Amino acid sequence: FFFQAEDGIRDIGVTGVQTCALPISASANGNESSSSVSSGSGNGGDNNNVATTAETKPKKPEFAEKTDYDVVVVGAGCSGIGTALMLTRTFGLDTNKVLVADRGKRVGESFRRWPEEMRFISPSFNQQGWTQSFDLNAIHYDTSPASMLRSEHPTGEEYAQYLEGIAEQGKLNVALETSVVSVTNLGKKENGYPGPFKVEVRKGDDTLKISTRYVVWAAGEFQFPRDQKPSETEDGKSDKDKHSKGSRPASSSSSFPGAELCLHNSKVDSWAKLPGDEFVVVGGYESGIDAAVNLAKAGKKCRVLASTPCWNLQTGDPSSELAPFTSDRLRSVLQHDFSPQPKLFSPLRVIAVDELGNGEYGVAAKWKTADDGEAPPTAYTSGGFRAEVPGDAGSIKVFRTKNRPILCTGFEGSVAAQ
């Protein structure tokens, strides 16, 4: 198990992160634990089939330092709740000594902000009870989103309910609407590892300083989209802040002039309810294709501008090609009898977005050349997806749209965004 720790975290981000092993293991406790798995298939499970566990609690570990908490976990999403459950259920830490702090109003806040139509691309199955297998979307072995939610591809709201149920059943110590202001390492460098730590947290107007032996950073990335150019900030002082929310430093990893004019896909509440009937989607892969599919199903025209024709890319690496679930959905909206079909453009790299002065936006994109690091032709397969004919390499094409372009360029993460 690993944790991240750092000196001087500002707001909800981290810089100069150190990663160290947490010296706790189940075998070191000298106790074994056993669990009975709930599958919701008539085995008498309760608690909405979140988890049913019969186990012998391992001996609680003792630490040399006397601190307010053994572990402070920052973030109450899948990583944070899963970590807290593992520390308390598997490693035997006292639930009162493991604090989960999150600035959201509810457990799983980021998942609740997904667009209504967005679903998990990885499937959940409820066969745990008879195969002893692991639900791909579970955060702990003896829990199953499929069993609780009865859904193979949960929505963000559904998955948040799963996380909330686990936190309640596990009696986890979760502090909501609580921001981590700073983390200070109180340990001596000669020890070879950081800690203990002083953590300053804020809830409303109240600020509290607490001590902890370990800090686990599980703040996620959804709240830090790549949607700003480097010189922009979201502090309310920009002349273009009408396009932004929050108060964090702007990201710069994949920025281009005019990126702040776009609407990042993470800020869309619902594709069907999004005003407008035609859109330009900047970026491909899972986010871009998910946007295109849902816009098409909502009866809206869209053009996808992708630097790589991900819809026809097959590498054997699931992190660099479309999931079968996504490919199936794309195929369904490209059938000859479906309308309106999304139009796919690649290999294009967007170089700028500008307001044209007549209520329109102009998206300038450059057709990629061999020097741009394009994947070799052998990496492509005929996926049956019809794309638009590419232009001349190095030439520039401008796409006009009456609505803010949709930005699907991923996330910075709470660490890199600082």
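This report looks at aromatic rings, charges over rings and a pair of helices in a predicted model.

## Aromatic rings that pair up

Let's start with the rings. The model holds seven aromatic pairs. One of them joins Phe111 and Trp114, whose ring centres are 5.4 Å apart with 55° between the planes, a tilted arrangement. Both Phe111 and Trp114 are buried.

Phe111 also pairs with Phe120: here the centres are 6.0 Å apart and the planes meet at 15°, so this pair is stacked, because planes under 30 degrees apart count that way. How buried are Phe111 and Phe120? Phe111 has a relative accessible area of 13%, and Phe120 has one of 12%; both fall under the 20% limit, so they count as buried. If you step back, you can find a cluster in which ring pairs link Phe111, Trp114, Phe120, Tyr159 and Tyr162.

## Charges over rings

Which residue lies over the face of Tyr214? That is Arg213, at 4.8 Å from the ring centre.

Now have a look at helix α6 (residues 285-297) and helix α7 (residues 324-333). Their axes come within 10 Å and cross at roughly 35°. The crossing of α6 past α7 is left-handed.

On the α6 side, the contact is made by Glu286, Ile289, Asp290, Val293, Asn294, Ala296 and Lys297. From α7 come Thr326, Arg329, Leu330, Ser332 and Val333.

Key: Residues numbered from 1 in each chain as written. Predicted model: local features only at pLDDT ≥ 70, side-chain atom pairs only at ≥ 80, totals over all residues. Heavy atoms only, no water. Phe/Tyr/Trp six-rings, centres within 6.5 Å; stacked < 30°, edge-to-face > 60°. Buried < 20%, exposed > 50% of the residue type's maximum accessible area, 1.4 Å probe, protein only. Lys NZ or Arg CZ within 6 Å of the ring centre and 35° of its normal. Axes fitted to C-alpha atoms, helices over the stretch in contact; angles between N-to-C directions. Helix = DSSP H or I, 4+ residues; strand = E, 2+ residues; numbered from the N terminus. Left-handed = near helix turned anticlockwise from the far one by under 90°. Contact = heavy atoms within 4.5 Å.
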